[in-house]
Amino acid sequence: MHTGIKHHCWLRPLLLLVLWLPLAVQAREVGLNLSLATPVMDAGSTQTAFIKIALQGFEQESQAQRSPVNVAIVLDKSGSMSGEKIANAREAAIMAIASLDARDIVSVISYDSRVQVVVPATRVEDRQSIYRAIRRLQAGGNTALFAGVSKGAREVRKFLERQQVSRVILLSDGLANVGPQSPHELGRLGQSLAKEGISVTTIGLGLGYNEDLMTQLAGFSDGNHAFVENAADLERVFQYEFGDVMSVVAQDLNIEIRCLNGVRPLRLIGREAEVIGDRVRTRLSSLYSEQEKFVILEVEVPAHAAGSTLDLAEVQLDYNNLALREKRQLSGLVQVAFSASEQEVQQAVDKLALESAVEQVANEYSRQALERRDQGDIEGARSILQKSAKLLGSKADSLSSPRLEAQKAEALKDADEISSEDDWNRKRKELRERQYKRSTQQTY
Amino acid sequence: MRYRAPLLLILLVLLPVLLLGWLGLRLQHNEQQLVGLQLQTLIEQQLQSVDQQLQTHFRQLEGVLAQQAQRLQRQTDHDYSSENLRAFIKDSVYVEQLFVLGGDGNSERLFPPRFAPLSQAEQRFVEQMQPLWQSPDLFRPAAADPVDQRQQAPVLAAGDSSSYLASGQLRAPSAPAELALDLADADSVTAKAEAVATAPSGWIAWHANTGLMQVYWWRDDQGRTLGFVLNSARLLSDLINRLPEGELGDRQLGNAEIRLLDSRGSTLYSWGGYRAQGNALRVLWLNHPLGSWRLEYHAPAGTQAGAQGAFTQVAPLLLLALGLGLLGYLLYREHGRELRLARQRVNFVNQVSHELKTPLTNVRLYAEMLQERLADDEQDPVVLRYLNVITGESQRLSRLIDNVLSFSRLQRQRLQLRFESADVDEQIDRILQTFVPLLLQRGIEAEFAAGIGARLRYDAGALEQILNNLLSNCEKYAPNSGRLKLESWLQGSSIYIRLQDQGPGIEPGEQQRIFEPFYRSSNKLTDGVAGTGIGLGLARELARAHGGDLTLEPGGQGACFLIRLELKP
């Protein structure tokens with residue numbers, strides 16, 4: 001009886017989830033999966049909990065039914081790109097465009113100290129003239145990155161439509177030195193573009209670019225980011241990117257979380273969010289076919305008596321369904337039960353949710369470590385990474401998760417390498433890329 | 001002396017060329033200044049038209065924002081609920097933050113709410129904007145707003161540039177892309193008209209620690225102020241998108257560059273075909289609300305047109321110099337030939353004189369020998385008289401030839417003095433004696449007052465020639481004049497000999513010219529008298545060659561010549 005009640009208690013959220021499942025599995029509808037890392041919590045004390053809000057992209061039925069894309073490829077042709085780099089970039093762009101068809105719109109912009117619209121926004125019909133224009137690109141000059149992105153966005157905007165995938169793909173190998181050059185300013189441009197439904201993917205080539213700027217620009221508009229050390233890998237990255245672009249099934253995913261019953265939101269880990277009182281808002285630009293993206297919200301739950309249940313938060317998702325070509329809304333509720341039994345609490349743990357939460361928390365540690373390192377506090381950075389590795393290690397054991405185990409190894413390796421001066425430039429780019437990919441669940 | 005002719009000719013060529021060159025340079029300089037001025041105006045107009053394009057963006061943005069403000073007002077029924085405003089911010093592409101001020105003097109903040117939780121971004125925003133909200137003076141109605149005052153200037157400039165466009169020198173700016181906004185519904189169009197007509201609004205350029213922020217404020221009919229804080233990165237991006245790029249920019253500007261610079265002086269955007277560092281040819285500060293930004297025009301300092309101009313200037317000058325040079329050369333050649341001919345003639349005369357001298361000497365010698373012989377035999381006086389005439393005339397002829405030879409030597413600067421010891425008085429007397437019969441015939445009575453009486457070293461030949469010339473002149477030009485007085489004395493290291501006749505003398509106007517070679521004074525007296533015209537000049541040149549002089553002394557009746565000869569120590 002006693003246990004029965006308890007079972008009943010922690011089953012309720014599960015049941016609720018089960019109730020949502022039919023909707024989730026319905027083809028051509030995004031799945032909204034809400035879970036709590038600790039569905040049963042210790043009674044009698046104030047504690048924190050991790051809510052995982054997962055969005056599951058449905059399967060794109062066929063290539064033929066994909067949404068048209070509107071892509072601007074913005075290529076750096078500054079002096080540092082000369083030689084093999086620009087040649088590889090040209091071929092990568094051409095290869096990528098080859099995978100598009102007549103539904104799609106493409107434009108190519110190049111920049112050095114000047115910006116040049118190489119191919120104005122056009123449907124991919126006369127491929128040869130597009131390729132010819134790209135092949136004429138020669139490297140030389142400075143890096144007017146901001147203006148390049150601006151003009152790229154303008155080309156996309158010429159045919160802007162909510163039902164197609166709009167993206168600016170920026171390739172740069174150097175520091176922006178004409179026009180705005182701070183990550184903050186580029187980030188705000190990304191923010192504005194995101195509001196129009198344009199996301200910016202940034203590809204950093206070689207070791208000369210500013211990874212903070214590139215991740216901020218991508219982050220605020222929720223595009224992808226990649227660090228490509230070797231120009232020969234550009235083709236592969238472009239293919240991944242275009243694969244992503246062509247498999248978008250939902251766009252403009254706005255998540256609003258309202259914490260109930262005195263639950264206080266602490267932070268949304270890994271993503272930009274707006275927290276006002278008990279409300280948390282965040283936005284994802286796009287969800288790809290069969291892809292799961294999630295956000296982790298850390299909340300503070302006030303003390304409750306054992307045996308009681310509590311509604312923690314309401315989640316509402318508004319998004320643009322590209323398959324149905326209409327705006328959809330989903331919502332869900334997260335609940336928690338309280339128990340006095342340690343064992344019960346342990347048993348109830350939602351391993352997947354906790355795994356995700358730990359992954360993100362450790363990722364956040366990694367960011368903090370990088371910040372410390374930037375301030376010159378190498379010891380502090382290392383100790384943060386070691387703390388992170390310890391957390392990952394303990395959770396990997398308790399959850400028997402190979403993923404966390406791998407991440408722990410990574411953290412330990414980072415802790416080793418973070419003190420070395422030699423290869424710090426590359427290491428920093430790798431770290432930024434990894435952090436970015438982990439927090440945005442980038443597909444490649 | 002020798003190079004005078006070529007020097008003169010060179011001067012003749014160079015002077016006009018230099019003069020014309022200088023004038024040409026002046027002209028070109030003026031022209032360049034004019035072109036520079038025109039270029040400056042052209043640049044100014046180009047920059048103005050860019051500023052105009054940027055201003056257009058603000059005008060359009062203003063329209064859009066006023067429209068959105070109206071819509072917000074209507075949606076919320078003057079209530080401006082936080083919910084609505086946040087939703088607006090979330091979707092607005094241009095606006096990063098929004099504030100609403102109300103109450104007395106707009107000092108009360110209605111949004112972001114004062115008594116409700118704020119997001120982190122909002123908290124930062126409130127901290128940043130606090131000073132702005134405390135200065136309500138900035139929110140002045142449109143009439144006092146600097147935007148509208150300045151609006152006139154760009155419009156005027158646009159008028160200028162459009163008239164310039166008509167001449168086809170400047171490409172028309174491409175039509176600005178319309179702002180991307182989905183506000184096509186009919187009611188908002190009418191709302192826009194209202195808003196523009198009635199509501200006070202304006203722009204504020206606000207310097208916060210993150211840089212320049214542009215704030216558009218709009219006052220509703222209840223006196224509340226809505227402030228739209230623009231996303232400055234997006235604003236810059238939109239402004240850049242209005243400016244030309246790539247080949248279009250190159251074509252518009254040619255070999256020049258326009259740069260847009262922010263308040264810190266760093267380049268935000270640049271276009272045009274010219275890429276080099278250096279000072280700007282022209283700077284234009286932008287109008288409000290981009291007051292601290294500026295446009296710079298860069299171009300190479302000297303234009304190619306100038307180089308071409310210089311060539312077209314130099315080419316005619318070169319041609320002129322060439323022509324004049326040729327002319328000068330021809331003249332010089334002609335002059336040379338003349339000189340050669342003259343020299344040939346002189347040589348000829350010289351040769352002939354030499355040829356004449358030998359037979360004449362024989363004639364004189366034999367005539368004198370005959371005279372001596374006949375004088376002993378006391379022959380017929382008529383024969384003696386004839387002989388006297390023959391010797392006299394042959395002496396005269398030999399003097400003439402001596403003169404010619406000396407003159408030609410003088411001309412060739414080959415006159416050489418031969419100093420030898422001789423008695424001056426005796427020599428003078430001897431020369432005088434040879435002239436006495438002639439002088440007596442002409443009614444002149446010569447008397448000599450010798451005052452030296454010593455042997456001295458001097459050139460007896462030169463003195464003889466001088467005296468011969470003076471005496472024969474006297475014989476020619478002062479007939480029947482009575483007494484001819486000669487006197488000699490020694491003074492210092494010079495011999496002085498004075499000749500004074502009682503003839504008609506020399507007119508004052510001619511006193512200088514009589515020494516010039518080939519000059520013969522012309523008056524009643526001299527008419528019909530033969531002469532070569534070289535005698536006096538030659539005499540003076542000889543005296544001067546001897547370190548002395550031959551001068552015409554003033555005063556008294558008749559002519560008075562003074563010979564001075566420097567003695568050889």
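How many of the 11 residues of helix H6 (residues 211-221) of chain A are buried? The close-ups below begin with that helix. This is a predicted model, in which local features need pLDDT of at least 70, side-chain atom pairs count only at pLDDT 80 or more, and totals for chains, interfaces and linings use all residues. Residues are numbered from 1 along each chain as its sequence is written, while chains are lettered from A and ligands numbered from 1 in the order in which they are written.

**View 1. Helix H6 of chain A is mostly covered.** Here 10 of its 11 residues are buried, where buried stands for 20 or more other C-beta atoms within 10 Å of the residue's own, exposed for 12 or fewer and partly exposed for anything in between, with C-beta atoms placed from the backbone. Among the buried ones you will find A:Leu213, A:Met214, A:Leu217 and A:Phe220. Helices (H or I, at least four residues) and strands (E, at least two) are DSSP runs, numbered from the N terminus. The buried residues of H6(A) pack against several elements of chain A, including strand S7 (165-172), strand S8 (198-205) and helix H12 (424-440); contact asks for C-beta atoms, placed from the backbone, within 7 Å. Just after H6(A), look for A:Asp222, which takes a positive phi of about 55 degrees.

**View 2. Helices H10 (residues 378-399) and H11 (residues 402-417) of chain A pack together, with axes that come within 8 Å.** The axes cross at roughly 165 degrees; they are lines fitted to C-alpha atoms, for helices over the stretch in contact, and angles run from 0 to 180 degrees between N-to-C directions. H10(A) and H11(A) are therefore roughly antiparallel to each other, a label for angles over 145 degrees. Residues of H10(A) such as A:Leu385, A:Leu392 and A:Leu399 take part in the contact, and those of H11(A) include A:Leu404, A:Ala411 and A:Leu412. By class, this contact has 9 nonpolar, 4 polar and 5 charged residues. Nonpolar covers Ala, Val, Leu, Ile, Met, Phe, Trp, Tyr, Cys and Pro, charged covers Asp, Glu, Lys and Arg, and the others, Gly among them, are polar.

**View 3. Chain A meets chain B through 25 residues from chain A and 28 residues from chain B.** On the side of chain A, strand S6 (115-123), helix H4 (145-157), helix H5 (183-195) and strand S12 (274-276) each supply at least two residues. H4(A) gives the most, with 6 residues. The side of chain A that touches chain B has 10 nonpolar, 6 polar and 9 charged residues.

**View 4. An open sheet of 5 strands in chain B has the order S2-S1-S5-S4-S3, with antiparallel pairing.** Two strands pair if DSSP finds at least two bridges between them. Strand S2 (108-111) and strand S3 (201-208) of chain B stand at the edges, each with a single partner strand, so one side of each has no neighbour in the sheet. S3(B) is joined to strand S4 (residues 211-219) of chain B by 8 bridges, and B:Trp206 stands opposite B:Met213 in S4(B). Helix H6 (residues 232-242) of chain B lies across S4 and S5 of chain B, running at about 95 degrees to S4(B).

**View 5. B:His335 sits in helix H8 (residues 304-377) of chain B.** B:His335 is partly exposed, with 14 other C-beta atoms within 10 Å. B:Ala5 is 330 residues away from B:His335 in sequence, yet their C-alpha atoms are 8.2 Å apart in space.

Note on methods
Contact = placed C-beta atoms within 7 Å. Parallel < 35°, antiparallel > 145°, perpendicular 65-115°, else oblique.
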